[in-house]
Amino acid sequence: MTKIGSAATAKVIERITGSTGVNSTLGALTQPDSGLAGPIMRAQVNPRNASADVVGRSGPAKFPTINVYCEKIVNNLMEKFRSFSGNVQMAIEIRHSQDRLDGLEAALELYIDSATQMLDSERGDWGDGMYYAGGYEVTFGPVKSGGRNLIQTAKIMFEIGVSKN
C-alpha cells in the first residue's frame with residue numbers, strides 16, 4: 001500500500017513541476033510587476049506531510065512551499081480480479097509567508113488558482129494504472145505567526161483512481 005501512495009505523490013509532483021504545471025498558469029494569472037506571486041522552484045515542492053512548526057524548526061524555508069502527500073488509500077475492489085482497485089486521496093498543501101498581512105491571502109489565492117487550473121488541465125490517464133477524473137476541494141487556514149513573519153496555508157484535496165495487479 002505504501003508504494004501506491006508514494007507513486008501517486010510522485011505523479012502529482014511531476015505534474016506540478018512539469019511544463020504545464022503551476023508556473024505555466026501562474027504567469028497568466030499575475031500582472032507583470034505586481035509582486036504578488038513569483039515562480040515556484042523545484043526545491044519548494046516537497047513530498048511530505050509536516051506542520052509548519054516542524055518545518056520551521058528544521059531550518060529556514062523558502063516560501064511559498066508546496067507539500068504533496070497521500071492522505072488516504074481505499075482499496076474497494078471495484079475491479080474484482082485486481083490486487084488494488086480503488087482511490088487514493090491526495091493533498092497539495094500550499095504555504096505562503098510574508099512580513100505583512102496585506103496581500104498575503106491574495107498571493108496564496110493566486111498559487112491555489114494556478115494549482116487548480118493545472119489539475120483541471122491534467123484530467124485523464126496518468127499512466128501506471130492511475131487516472132484523475134477531476135474534482136477537488138480547497139480549504140483555507142487562518143493566518144498565523146510563523147517565525148518572524150505571518151504564514152497562511154491552503155490545502156487542495158482530490159482523488160486519483162488506481163487500478164493495479
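## Starting with a helix

How many residues does α4 have, and how far does α4 reach from its first C-alpha to its last? In this predicted model, α4 has 18 residues and reaches 26 Å end to end, C-alpha to C-alpha, close to the 26 Å expected at 1.5 Å a residue.

## The overall layout

Stepping back, the protein chain has four helices and eight strands. Walk along the sequence and you get the pattern α-α-β-α-β-β-α-β-β-β-β-β.

The protein chain runs to 165 residues, and 41% of them count as buried. As for contacts, take those between residues at least 6 apart in sequence: 64% of them join residues at least 24 apart.

## The nonpolar core

Which residues touch the most other members of the largest nonpolar core? That core has 31 residues, and the answer is V12, I16, I92, F158 and I160. The elements that each put in two or more residues are α1 (2-17), α2 (22-29), β2 (65-74), β3 (84-98), α4 (104-121), β5 and β8. Our opening helix, α4, gives the most, with seven residues. As a general point, nonpolar side chains tend to be buried together in soluble globular proteins.

Is F158 buried or exposed? Its relative accessibility is 3%, under the 20% cut-off, so F158 counts as buried. Setting aside neighbours within four places in sequence, F158 is in contact with V12, V88, Q89, M90, I92, L119, W126, Y132, G135 and Y136. Two names there turn up again among the residues that touch the most other core members: V12 and I92.

## An aromatic cluster

The structure holds two aromatic pairs. In one, the rings of W126 and Y132 have their centres 5.7 Å apart and their planes at 40°, so this pair is tilted. In the other, the rings of Y132 and F158 have centres 5.6 Å apart and planes at 80°, which makes the pair edge-to-face.

Put together, W126, Y132 and F158 form one aromatic cluster. W126 counts as buried at 5% relative accessibility, and Y132 counts as buried at 1%. What lies over the face of W126? It's R15, at 4.3 Å from the ring centre.

Strands β4 (residues 124-127) and β5 (residues 130-132) run antiparallel and are joined by three bridges.

D128 lies in the loop between β4 and β5, and its relative accessible area of 53% is over the 50% cut-off, so D128 is exposed.

## Other backbone spots to check

L77 is another non-glycine residue with a positive phi, near 50°. You'll find L77 in the loop between β2 and β3, and at 37% relative accessibility L77 counts as partly exposed.

Which peptide bond is cis, with omega near 0°? Look at the one from F63 to P64. P64 lies in the loop between α3 (52-57) and β2.

Last stop: S51, in the loop between β1 (45-46) and α3. S51 is partly exposed, with a relative accessible area of 36%. From S51 to N67 is 16 residues in sequence and 10.0 Å in space, C-alpha to C-alpha.

Methods. Residues are numbered from 1 along each chain as its sequence is written. This is a predicted model: local features need pLDDT of at least 70, side-chain atom pairs count only at pLDDT 80 or more; totals for chains, interfaces and linings use all residues. Side-chain values use heavy atoms; hydrogens and water are left out. Two strands pair if DSSP finds at least two bridges between them. Rings of Phe, Tyr and Trp (its six-membered ring) pair if their centres lie within 6.5 Å; planes under 30 degrees apart count as stacked, over 60 as edge-to-face and the rest as tilted. Buried means under 20% relative accessible area, exposed over 50%, partly exposed in between (1.4 Å probe, protein chains only). A charge sits over a ring if NZ of Lys or CZ of Arg is within 6 Å of the ring centre and within 35 degrees of the ring normal. A nonpolar core is a set of buried Ala, Val, Leu, Ile, Met, Phe, Trp, Tyr and Cys residues joined through side-chain atoms within 4.5 Å. Contact means heavy atoms within 4.5 Å. The expected span of a helix is 1.5 Å times one less than its number of residues.
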